[in-house]
Amino acid sequence: MSQSNQRIRVLVAKPGLDGHDRGAKVIARALRDAGREVIYTGLRQTPEMIAAAALQEDVDAVGVSILSGAHNTLCPRIVSLLREQGMADTLVVLGGIVPQEDIPKLKEQGVAEIFLPGTSTQDIAEFIRNNVKPRD
Amino acid sequence: MPELKETSSENLQRERWHDETLRPALARQPERKTHFQTVSLEEVNRLYDPADVAEIDVEDDLSYPGEFPYTRGIHATGYRGKLWTMRQFAGFGTPEETNARFKYLLKEGQTGLSVAYDLPALMGYDADSSLSEGEVGKCGVAVSSLADMEALFVGIPLESVTVSQTINAPASVFLAMYLVVAEKQGADWKKISGTLQNDILKEYIAQKEWIYPIRSAMKLVVDTFEFCALRVPKYNPISVSGYHIREAGATALQELAFTLRDGIEYVDWGLRAGLDLDRFVPRISFFFNAHNDFFEEVAKYRAARRIWARTMRERFGATDERTLKLRFHTQTAGVSLTVQQPLNNIVRVAIQALAGVMGGTQSLHTDAYDEALALPTDKAALIALRTQQIIAEETGVANTVDPLGGSYFVEALTDKMERGAMEYFDRIDSMGGMVEAVEKGFPQREIQESAYQYQKALERGDQTIVGVNKYVMKDEVQEVPILVIDESVRNHQIERIEQARAKRDRGAVDRTLAAVKQAAQRGDNTMPATIDAVREYATLGEICSALRDVYGVYEEPAI
């Protein structure tokens with residue numbers, strides 16, 4: 001695994017108008033404690049700002065936190081902006097309040113995994129470790 | 001000193017029990033774990049006995065219900081006179097849809113209304129703003145102007161129904177809209193009651209739906225205090241909220257301490273603006289969370305009343321009992337609800353609600369069991385309301401005042417809460433006050449740390465959530481019907497805004513918006529100008545943008 005000699009870089013992103021950042025902050029710290037390099041965008045970032053930050057920070061994964069129900073609007077846009085800027089390999093995961101029936105469509109649109117409330121931070125860290133694309 | 005003798009004989013009794021009964025019992029059957037902790041990760045002793053309450057003075061610390069320091073409640077008869085107000089927080093989709101939900105809840109026996117607004121409204125954006133895309137009507141009802149507010153309250157008489165509005169950064173605009181709707185209904189402002197959340201400090205601390213920089217936002221809050229004291233005397237212009245602080249990860253003690261210290265900050269700011277203590281403080285209300293740890297919550301509410309009464313007397317020299325009495329609303333802990341096995345949430349909510357009642361709450365919202373999935377359906381909202389009705393009318397807990405008063409455990413916890421809160425007050429005072437503490441990121445960091453420690457305790461298995469980290473059901477099939485709000489709501493709302501804009505007098509809108517700006521620039525009370533602008537159907541977004549031009553916007557420091 002090429003990942004073993006370099007730290008995985010994760011962008012924790014909080015798009016939309018919602019201010020509930022408990023989850024985003026807990027996961028950012030847990031990932032950091034698990035040895036990942038974490039960049040947190042702060043609140044109320046547009047998909048464009050998130051994609052730009054992902055590029056600038058050269059991250060391996062983007063973890064999006066949405067609790068407001070706006071995931072169907074925001075997630076596909078983040079994925080397509082990443083693809084447009086040549087980051088099709090960047091792993092995108094979503095955490096938050098997401099109804100079951102939205103999950104298949106989100107996955108089809110390129111969200112690798114959706115973590116619902118109650119997921120342990122270890123499971124999320126492990127998923128990211130196992131699924132980021134190795135760098136050349 | 002007879003008291004001392006009593007205590008020492010109690011100590012002897014405790015030692016005897018320890019040797020003769022406890023030790024052999026532990027030898028036969030060790031305890032389940034070495035440490036027992038509350039959900040706030042506070043240590044709980046094996047047993048509480050008279051020695052634990054030896055420092056508590058029954059007369060000074062507990063007194064009687066309706067008497068200083070109100071530990072046992074603010075009413076002499078508790079719930080024997082009047083039950084708490086059953087006030088379910090509701091709002092989703094369009095104003096018309098939420099109006100129908102309100103009428104449904106009133107028909108089913110709810111006794112007050114509580115409006116949940118959507119995120120664009122909370123942030124001061126209209127539904128047609130590009131920033132509102134994907135968010136309109138999702139977390140609450142969409143309201144962009146007086147026209148929406150009129151539709152929201154059609155057929156609901158604001159002179160007789162009390163309405164609580166959860167709105168903060170743009171609260172003054174919502175107060176204005178509410179007052180104009182009431183006026184158009186023919187209601188007398190002197191008679192209407194209700195509550196505006198309007199607690200901007202906890203936005204910077206926890207909920208994070210802010211617009212303007214802190215000090216300008218505080219000025220807007222003080223404007224509403226002053227305006228209501230003069231013109232709407234029965235209205236509560238603020239509900240100082242611990243709820244969101246707790247949801248963000250605070251412990252019960254931090255919720256209590258930061259909320260009451262926020263309350264002190266508002267009193268300070270009101271006094272500095274020249275308001276009369278006994279005119280505005282009696283209309284400051286509070287809002288607490290009801291989490292899972294039953295006794296810790298009950299102690300928190302009892303301590304809140306005692307601390308507030310003592311602080312008002314000792315710090316501000318208050319004597320009027322209306323100024324000394326802390327009145328509060330309670331909501332069960334949304335954060336405790338689980339997606340897994342969601343029907344279990346009905347049980348959690350019932351126990352949390354019971355804590356609120358045993359703590360003497362004035363009004364209560366019980367969460368619906370499906371709220372970890374989406375906004376509640378009619379059916380889920382009804383079960384939540386029925387839960388309160390069962391507590392009130394079947395269990396008998398409302399038959400006597402402060403039923404847990406005198407419990408060694410509850411009194412010891414109440415006392416510990418008070419001491420802990422006073423320590424936080426000292427730390428915050430030493431920073432110069434709550435505004436300064438927030439600017440330094442102090443409460444934010446404390447809460448973040450607690451949230452992380454709780455998550456770690458959960459993942460170690462030290463804290464249990466049934467269905468999540470214990471008694472997990474693999475391959476659980478989700479069969480709960482949920483409320484779906486699609487993008488048609490935004491289109492509907494955009495049409496409504498366009499209709500309202502087409503009908504209004506553009507000149508009057510511009511003139512009143514300029515007056516709002518001018519009032520803000522001069523440091524005048526912004527309420528009269530805001531009411532004028534609202535009357536002309538200036539939109540929420542337009543008014544907030546006028547104020548943004550004057551005040552600027554808040555940038556969160558990295559914490």
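Helix H18(B) gives the most to the lining of the largest cavity, with four residues; helices here are DSSP runs of H or I with at least four residues, numbered from the N terminus. This is a predicted model, in which local features need pLDDT of at least 70 and side-chain atom pairs count only at pLDDT 80 or more, while totals for chains, interfaces and linings use all residues. Residues are numbered from 1 along each chain as its sequence is written, chains are lettered from A in the order in which they are written, and side-chain values use heavy atoms, without hydrogens and water.

**Cavities**

- Searching the whole structure turns up five cavities of 30 Å³ or more; a cavity is a set of points on a 1 Å grid over the protein atoms alone where a 1.4 Å probe fits but cannot get out, and lining residues have an atom within 4 Å of a point.
- The largest cavity holds about 110 Å³ of space, a volume being the space filled by probe spheres set on the points.
- Its lining draws on both chains, including Asp21(A), Arg22(A), Gln444(B) and Ile447(B).
- Two or more lining residues come from each of helix H1 (22-33) of chain A and helices H7 (201-207) and H18 (442-460) of chain B.
- By type, the lining of the largest cavity divides into six nonpolar, two polar and four charged residues; Ala, Val, Leu, Ile, Met, Phe, Trp, Tyr, Cys and Pro count as nonpolar, Asp, Glu, Lys and Arg as charged, and the others as polar.
- The second largest cavity has about 70 Å³ of space, and its lining has nine nonpolar, four polar and no charged residues.

**Nonpolar core**

- The largest nonpolar core has 130 residues; such a core is a set of buried Ala, Val, Leu, Ile, Met, Phe, Trp, Tyr and Cys residues joined through side-chain atoms within 4.5 Å.
- H6(B) gives the most to this core, with 11 residues.
- Beyond four places in sequence, the contacts (heavy atoms within 4.5 Å) of Met149(B) include Tyr117(B), Phe174(B) and Val181(B).

**Salt bridges**

- There are 55 salt bridges over all chains, each a side-chain nitrogen of Lys or Arg within 4 Å of a carboxyl oxygen of Asp or Glu.
- Asp52(B) and Arg14(B) pair at 3.0 Å, N to O, although they are 38 residues apart.
- Glu265(B) and Arg261(B) also form a salt bridge, with their closest N and O atoms 3.0 Å apart, and both residues are buried (under 20% relative accessible area, 1.4 Å probe, protein chains only).
- Because they sit four residues apart in helix H10 of chain B, Glu265(B) and Arg261(B) are separated by about one helical turn.

Terms used
On a 1 Å grid over the protein atoms alone, a cavity is a set of points where a 1.4 Å probe fits but cannot get out, and a pocket is an open set with protein on both sides within 12 Å along at least five of seven lines; lining residues have an atom within 4 Å of a point. Buried means under 20% relative accessible area, exposed over 50%, partly exposed in between (1.4 Å probe, protein chains only).
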